[in-house]
Amino acid sequence: MLDRLQLVVKYFPVHSAFIGGGLALAIYWRLRGQARAWFLALAGWLFAAVLAGPAFAIQTLALTLITTAIARYLQRAPKARWTAALYWLGLALPLLNLALFKYGLAPGLRASLGLVRALGVSYYTFKLLHLVIDSRRGRLREIDARLALAFVFFVPTFPAGPIYRYRQFVADLDGVGPLDSGAVRTGTRRLIYGLFFKFILADRLGFWAAAQGAPGQLGRGALALVLLAWALQIFLDFKGYSDIAIGLARFFGFQAPENFRTPYLKPNLVLFWQNWHITLTSWLREYVYLPLGKWLLPRIGREHPWLINALAQLVTMGLVGLWHGSTLNFLVWGLYHGVGLSLYRIYSDLSQRYLPEAARSALGGPAGRLAGTLATFGFVALGWVFFVNDLPAAVSIISRLLGIGR
């Protein structure tokens, strides 16, 4: 039976999505109370089993149950003897699972277990880590295993985000009322936008860029156009997936978090990252950047804020890069942005300290904001070269764009 379902999904993806989605919604809206959470968990688990295989679905279910049990124990016994060991185990298990799928750890083991592919592993890893960390910090109320399963396996956000937080998910589920026409209109509009951005604009831009030939054989003008196409294609691709997920979530009565707010129109790099892949960057800021900065502060000293910020930014943005891909070019892309954010912090502090008020006002005016927006977009667009190409090719392309290579 499972093989037949996989064939349907493989050869009739659009039909499968409409039939399966429509059936799921029809059942969901006839249920009430706890039954809805159980249904969301079961539907998400079946979704993972059909698209990624039963072995992956069983393994992900086991990981979720174990991690949830650890988080629940941390809530009930925060000062027990084994709390610290369980806490680190709760962090290690999702991270090892991520390494197993994304970073090539033990490929022989993965093959022997039938774990051929992963679905949404980068996203549900953050959900599981969030449960463990916030349980240890005392930020979460009693975690319900049923709700945790629905939270992790929630179909609209399971494959590609946005990254939900447990309290927001539970609040959305508790607040689900009768399906109203406003939710249907909003969900339909976001779904159409997402499909248009992803499958019409982004894919066509990608095809156009690929049709121009190898970047190493293009002139500087053509390379600049390809770079612009990459920048738009990456944004529209990510934005499209997010809009599809947000639209689908609205059909279930949920308000999934926004992931993009016109990031290319922001006048500096900090604002760009506050509006690009918002759920990812806010997660890493809360769980990596701020704790790391707090840890570094007494060790380096308050008199070196730029150094503390730079180290925290480089680590955080390096993780952003590695989260997107396991190869060296993604790490370099993340560090590139870490350097940019660190330099902007220095520039911002020096401007506040030494620039006259009239100059600061001019920088904050329309012309200054336009210049900042163009400079920020140029910096971000140049960085996409590392995102799209392997490291040697990226270095060669950037050298040619800057006129320092052949």
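Colleague: Which helix does Phe199 lie in?
Modeller: Phe199 is part of helix α10, residues 181–211; helices are DSSP runs of H or I with at least four residues, numbered from the N terminus. This is a predicted model, in which local features need pLDDT of at least 70 and side-chain atom pairs count only at pLDDT 80 or more, while totals for chains, interfaces and linings use all residues. Residues are numbered from 1 along each chain as its sequence is written, and side-chain values use heavy atoms, leaving out hydrogens and water.

Colleague: Is Phe199 buried, partly exposed or exposed?
Modeller: Phe199 counts as partly exposed, because its relative accessibility is 43% (buried is under 20% relative accessible area, exposed over 50%, partly exposed in between, with a 1.4 Å probe and protein chains only).

Colleague: Now α4, please. What distance separates its end C-alpha atoms?
Modeller: They are 33 Å apart, which agrees with the 33 Å that its 23 residues (54–76) should span at 1.5 Å a residue; the expected span is 1.5 Å times one less than the number of residues.

Colleague: Which residues of α4 are buried?
Modeller: Among them are Phe56, Leu63, Ile70 and Leu74. The cover over the buried residues of α4 includes α3, α5, α7 and α8.

Colleague: And how many residues has the largest nonpolar core?
Modeller: It has 53 residues, where a nonpolar core is a set of buried Ala, Val, Leu, Ile, Met, Phe, Trp, Tyr and Cys residues joined through side-chain atoms within 4.5 Å. Helix α11 gives the largest share, 10 residues.

Technical notes:
Helix = DSSP H or I, 4+ residues; strand = E, 2+ residues; numbered from the N terminus. Contact = heavy atoms within 4.5 Å.
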